[in-house]
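Hi everyone, thanks for coming. Let me put the sequence and structure up, and then we can walk through a few parts together.

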Amino acid sequence: MPHPTAFTPKVAALILGARLVGTPLRVCVKAAGVPWSTFCGWLTTGRAYNAADEHKRNAKHHDLGEFAASIDKAGAQAEAVLYQRVLKATEKDGGLALKLLQWRADAPLRAARLDVERQRAQGTFVERHEIANATDDALLEEARALAAALSGSDPSAPH
């Protein structure tokens with residue numbers, strides 16, 4: 001496992017330079033020799049610095065704040081260029097235009113799928129059939145078991 005890399009202006013310039021020409025972020029970070037988790041830590045710290053009230057900011061994170069803002073701006077610029085290229089290409093390719101419209105129409109479905117996957121990962125997602133196919137008695141029993149577990153009166157977990 002690679003060791004964390006120190007944040008330096010040179011490393012920041014390597015990542016930012018690659019990002020400005022549209023290189024995917026993970027590729028930029030890997031090319032600079034920085035572990036992904038280290039980079040994510042830099043962004044988290046920098047974004048937190050930028051979001052904090054000015055009098056609550058830690059001065060030692062100023063460079064990370066500037067870096068995070070630059071990375072976010074570069075990503076937005078690269079995405080804007082990509083959209084311009086795609087839209088221009090749709091002028092000559094009706095099929096591409098149709099695919100782009102379909103992709104945009106499917107955005108809410110993709111967002112819903114992502115939400116479901118996050119809930120599954122957290123263990124909070126309930127399958128519809130688990131509730132829809134249950135009898136009233138089974139649902140009441142489950143509710144009682146949950147209430148008992150929450151009150152601490154029943155050591156058995158709900159099923």
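A quick word on the ground rules. This is a predicted model, where local features need pLDDT of at least 70, side-chain atom pairs count only at pLDDT 80 or more, and totals for chains, interfaces and linings use all residues. Residues are numbered from 1 along each chain as its sequence is written, and side-chain values use heavy atoms, with hydrogens and water left out. Helices here are DSSP runs of H or I with at least four residues, numbered from the N terminus.

Back to α5, residues 94–105: its first and last C-alpha atoms are 17 Å apart, close to the 16 Å expected, taking 1.5 Å times one less than the number of residues.

Next, Thr-90, which sits in helix α4. Its relative accessibility is 17%, so Thr-90 counts as buried. Its side chain reaches the backbone oxygen of Leu-87 at 2.5 Å. Beyond neighbours within four places in sequence, Thr-90 is in contact (heavy atoms within 4.5 Å) with Leu-96, Ala-97 and Leu-100.

Finally, Phe-39. Not counting residues up to four places away in sequence, Phe-39 touches Ile-15, Leu-25, Val-29, Val-34, Phe-67 and Ile-71. Thanks, happy to chat!

Conventions:
Helices (H or I, at least four residues) and strands (E, at least two) are DSSP runs, numbered from the N terminus. Buried means under 20% relative accessible area, exposed over 50%, partly exposed in between (1.4 Å probe, protein chains only). A polar contact is a pair of N or O atoms within 3.5 Å; within protein, one must be able to donate a hydrogen and the other to accept it, and residues adjacent in sequence count only if both atoms are side-chain atoms.
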